[in-house]
Amino acid sequence: MRANIIDKAKNIINENKQTAERIARDNKFKAMKDAKFKEFYTIYMDKLIENAKNGVDDDENMLKLKQNCYLRLKELGIGSIEPLYSCKKCNDSGMVDGQYCDCLIDEVNKILKKESGFFNLESFDDANFDLFENKDFIKKLYDLAKKWCHSNFDKFLLFLSGQTGVGKTHLIKCMANELINLHKVVLLTSSFAMHQDFVKSYSCREPEQKQRIIEKYLEAEVLFIDDLGTELRQPNITVNFLYQVLNERKLNRLPTIITSNLDIADIIDYYDERIASRIADKSSSICIHITGEDLRLKQN
């Protein structure tokens, strides 16, 4: 999945490069139809080649000859005959000294944000704790969440429970933004949308297609499941598929963040003990319950 995203970013950078070079070629083709420009350009190139052969540095004179070309282009209303690359560091190659250029990393982040499922992201730096009734506790939660994003994910499942309006969605948007800036492949799904995929996979007769429907939930570097428990549960589908996703991600130590209006006791009632055990496993999970009036961190 990560390799596919990097390839997409490289393709975008390469398209920028090809576009810049095509425009430069077109401009040069138009300019060379003008006799005066052609004369200036020929003199400039002949002198450039002569200096190269003789090992001569003649920057001042070469600048004047080049300036003649530029002025004539301006008079003709023709743009640059040299490629105007989007990135001056790498000339739209995506690489600098054998390393990914910042422009490629920025493009990767754009793709990650687009494909994550988050339409609007938030930043930890912009969090306004004055909006919360108990800002000291909320700040403690945000600090914990940000620290978790930068951790080695020794606890690789984070379960945030609490009623609607206590700030769960805003928090996971901050977490997603932080993780994407760390170049993690992030996927957000609602419990409802994931359940629909479970049903599709269950009903599909083609084995490879069945696998493709759910593999994104198994392979994402970081999976966000929002509003667990709001889907119309079907015991023989929802519970079995959800268990497989959570169990497979646990075996592979892949980070999973779940928000829900349900607490662990409700999870047992709504799903079963197997699901609850995967979420509340003390060795691998952090469970946090948020209330409207106060914030209580219940860390297993």
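**Helix packing and cysteines in a predicted model**

Tutor: In this predicted model, helix α8 passes helix α9 in a right-handed crossing.

Student: Which residues make the contact?

Tutor: On the α8 side the contact is made by I214, Y217, L218 and E219, and on the α9 side by F241, Q244, V245, E248 and R249.

Student: What is the make-up of that contact by class?

Tutor: The contact of α8 with α9 has 5 nonpolar residues, 1 polar residue and 3 charged residues.

Student: At what angle do the axes cross, and within what distance do they come?

Tutor: The axes of α8, residues 207-219, and α9, residues 235-251, cross at roughly 40 degrees and come within 9 Å. The two helices are therefore oblique to each other.

Student: Changing topic to the cysteines, how many disulfides are there?

Tutor: The count is 0 disulfides, taking a pair of cysteine sulfur atoms within 2.5 Å as the criterion.

Student: Is C87 buried or exposed?

Tutor: C87 is buried, with a relative accessible area of 10%.

Student: What about C103, buried or exposed?

Tutor: C103 is buried, at a relative accessible area of 16%. The cut-off for buried is under 20%.

Key:
Residues are numbered from 1 along each chain as its sequence is written. This is a predicted model: local features need pLDDT of at least 70, side-chain atom pairs count only at pLDDT 80 or more; totals for chains, interfaces and linings use all residues. Side-chain values use heavy atoms; hydrogens and water are left out. Buried means under 20% relative accessible area, exposed over 50%, partly exposed in between (1.4 Å probe, protein chains only). Axes are lines fitted to C-alpha atoms, for helices over the stretch in contact, and angles run from 0 to 180 degrees between N-to-C directions. Helices (H or I, at least four residues) and strands (E, at least two) are DSSP runs, numbered from the N terminus. Angles under 35 degrees count as roughly parallel, over 145 as roughly antiparallel, 65 to 115 as roughly perpendicular and the rest as oblique. A crossing is left-handed if the near helix is turned anticlockwise from the far one by less than a right angle, and right-handed if clockwise. Contact means heavy atoms within 4.5 Å. Ala, Val, Leu, Ile, Met, Phe, Trp, Tyr, Cys and Pro count as nonpolar, Asp, Glu, Lys and Arg as charged, and the others, Gly among them, as polar.
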